Amino acid sequence: MKIRTKLILALIPLLSFSVLLLSYVAFQNFATTMQMQLINGLETIASNTMDNLSRQMFERLADIRFLSDSNILGNSNLTNQEKVNYLRSMERAFKAYSSISIYDKMGIKIGDTRNIHLGENESDKEFFREAIQGNLYYDSVPTYSESLKQYVIHFAAPLLDENKTIDGVVVTRHPINKINDIFKEVISSDENMDNTNTYIKLDLISANGTVIYSSHDRGSILKVLPNFQELISQNNSSLFNSTAPQIQVNDFEILVSVPQGSGHLDYTGSGWFLLLRENTDIVFGNLQRTVDQFLVISGIILTISIVLILFIARTISLPLSKLTDLVIRIGKGNYDSKIDIKSSDEVGELATNFEIMRQNVHDVNRSLNKIVDDRTRELQEANEELRQNDEYLANVNKELRLADKAKEEFMSMVSHELKTPLVPARGYIELLLRQKKIGDLNEKQKKYANIIYRNILKLEVLVNDVLDGYKIDMGKLKVQKNLVNVKVLISSVISDLDSLIGEKQITVIVDLRLVEETTIMCDRRRIEQVFANLIKNAIDFVPPISGKITIIAELVNNNTMVQFSVEDNGTGIPYEKMDKLFHKFYQVDTSLIRKHGGSGLGLAICKGIVEAHGGTIWIDKGYREGAAFRFTIPL
């Protein structure tokens, strides 16, 4: 495919996509900004309107509380007429009530600012029943007053006499048109306006779906509408349990619902919420014209861009096509084809550089052939040397395997040859030490025989340690696991070392922090060997008579392992030497006159045995009373 075609196929779709994308993004930003401004404006109107309504209701509640606590209405020295005159002056001052009435304890109206229905018994009214119980009352929904022939909201409170006992009830009637005045500041409610063309539709609705105020449907006021009941049922939680405005946007309108929330100060709200609706066709009617303008402008830009792309592609492709033909000739080995393209842009510069390259390639080509021949000869010599090195390494590897095998055979032979004379020597010494077997020994003879016997035992231990250390190094240490009772295992070890323990009069404490039936899967002989090495080390370092060794067994790691501890009150181990304890042939005391013997293999062998069981062994660096070694074995 030619470069001109590639440029056209690449740039035209890219440019088209870029223009359309930019247009779409610009349109979306414009629409989103316009919509957010409208929604924010509706939220502000709705929130401020509901705040004003709650504040008005709070003021009416404060009025009735003032009348309830007033010393005038509860003063028995004043006549009813004097009290009513006081209420009339208050009514004229506030200009918020249709009438204010006083009732006695039986519910009989004994005073009224309008002198309407005096003597009427209204004890069955809800406002009276609540107030006579000592409560402040206000209607959650406007009710129709027969006496006033209009819808009002009753505010009622108990009247207290000088003894602070309830002596009657005072009731104020707040007309609904006072509530409507709040909404007149937001939306014109001229009865001559065509309500179907109202820009903002506003509805104040009670918790049971009663329309308290409507800017667009005056006939529905103080009626329970099914569509509002359905809205309340579907959105009960969000409408009444939220303090923030709820916003819904669909294809037809933008709806903002504002709950009354917690009211205003002492007024806790009547469960009302305010609905503001705006027709999206009116709001976004100009968007379609904006879209059309975007499309026309985008089409013009796209057409001009395509014409420019075609011109630029042709200007670039012609010299490049000529240059391509010449480069193909050079690629076939025809270095005599001179590149001669006259152009003042990057293509001309590229052609000039190609011509220089053609001349250099022609000169270098001969040199390269000679260099290739020389390097080929050097590679052949290097390959021969590598072959000889491979043969040498193969021979060395073979010798190492033979040496390893010889080492294994040597270790087996040495251990066997060392054990062979020790077995009869140990047997004869034991016979000498037994009384009345082959004759009695005097004390001096017994002393020397015991020295020989102990050294034979040490030599056997040394031979076994060397052999075990070799097996661990070679990875040939084998363990035969069986279920072993933890208590029995520890008791067996202590019993085997009883003579050494008794010789220094050491106290041994066994602390089993698990049930006696606990068993572990292990090679009993090898684990006994670990215990024996650790306890013998402790015996060497604890003081006679006052020496103490504590053996602890407990479950760890979510009861998947048993942790064994061997703690002593000996001289302890220097902190800087603890990290090297499990190295082979390492001695804490390396002087020629060290007090404690040993091959330096014991702890290394313990480490190999424990790790072969899947456990871990370490020295507790935080233990300060002597030395403490701990190791784990899986259950």
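This is a predicted model: local features need pLDDT of at least 70, side-chain atom pairs count only at pLDDT 80 or more; totals for chains, interfaces and linings use all residues.
**View 1. The open sheet with strand order 13-15-16-18-17.** Five strands make up this sheet, and their pairing is mixed. Strand 13 (507-513) and strand 17 are the edge strands, each pairing on one side only. On average, neighbouring strands are turned by 15° against each other, direction ignored.

**View 2. Strand 16 and the strands paired with it.** Strand 16 runs antiparallel to strand 15, to which eight bridges join it. Eight bridges also join strand 16 to strand 18, again with the two running antiparallel. On the strand 18 side, the bridge partner of Val-562 is Ile-633. Strand 15 and strand 16 form a hairpin with four residues between them; in the turn, Asn-557 has a positive phi of about 55°.

**View 3. Burial along strand 16.** How many of the residues of strand 16 are buried? The count is eight of its eight residues. One side carries Met-561, Gln-563, Ser-565 and Glu-567, and the other carries Val-562, Phe-564, Val-566 and Asp-568. Both faces of the strand are covered.

**View 4. The largest nonpolar core.** This core has 43 residues. Those with the most contacts inside it are Phe-531, Ile-535, Phe-564, Phe-629 and Phe-631. The elements that give two or more residues to the core include helix 11 (486-496), strand 14 (519-522), strand 15 (548-556), strand 16 (561-568) and strand 18 (627-634). Helix 13 supplies the largest share, seven residues. Apart from this core lies another, of 42 residues, among them Leu-38, Ile-153, Ile-176 and Val-256. In soluble globular proteins, nonpolar side chains tend to be buried together.

View 5. Helix 13 (residues 524-541) has 18 residues and reaches 26 Å from its first C-alpha to its last, close to the 26 Å expected at 1.5 Å a residue. Its buried residues include Arg-526, Glu-528, Phe-531, Asn-533 and Ile-535. Leaving aside neighbours within four places in sequence, Phe-531 is in contact with Leu-489, Ile-490, Val-493, Ile-551, Phe-564, Val-566 and Phe-631. Why does Asn-533 count as buried? Its relative accessible area is 14%, and buried means under 20%. With the neighbours within four places again left aside, Asn-533 is in contact with Gly-602 and Cys-606.

**View 6. The open sheet with strand order 8-7-11-10-9.** Five strands form this sheet, and the pairing is antiparallel. Strand 8 (211-214) and strand 9 (246-249) stand at the edges with a single partner strand each, so one side of each is left without a neighbour in the sheet. Neighbouring strands of this sheet are turned by 15° against each other on average, direction ignored. Seven bridges join strand 10 (residues 253-259) to strand 11 (residues 273-279), and the two run antiparallel. Val-256 has Leu-276 of strand 11 as its bridge partner. Helix 4 (residues 176-184) lies across strand 7 (200-205), strand 8 and strand 11, running at about 40° to strand 8.

**View 7. Leu-433 in helix 9.** Leu-433 lies in helix 9 (residues 346-433). Is Leu-433 buried or partly exposed? At 24% relative accessibility, Leu-433 counts as partly exposed. Its C-alpha atom and that of Lys-446, 13 residues apart along the chain, are separated by 6.8 Å. Leaving aside neighbours within four places in sequence, Leu-433 is in contact with Lys-446, Ala-449, Asn-450 and Tyr-453.

**View 8. An aromatic cluster.** Tyr-103, Phe-127 and Phe-128 are linked into a cluster by ring pairs. A search of the whole structure finds nine aromatic pairs.

Terms used:
Residues are numbered from 1 along each chain as its sequence is written. Side-chain values use heavy atoms; hydrogens and water are left out. Two strands pair if DSSP finds at least two bridges between them. Axes are lines fitted to C-alpha atoms, for helices over the stretch in contact, and angles run from 0 to 180 degrees between N-to-C directions. Contact means heavy atoms within 4.5 Å. The expected span of a helix is 1.5 Å times one less than its number of residues. Buried means under 20% relative accessible area, exposed over 50%, partly exposed in between (1.4 Å probe, protein chains only). A nonpolar core is a set of buried Ala, Val, Leu, Ile, Met, Phe, Trp, Tyr and Cys residues joined through side-chain atoms within 4.5 Å. Rings of Phe, Tyr and Trp (its six-membered ring) pair if their centres lie within 6.5 Å; planes under 30 degrees apart count as stacked, over 60 as edge-to-face and the rest as tilted.
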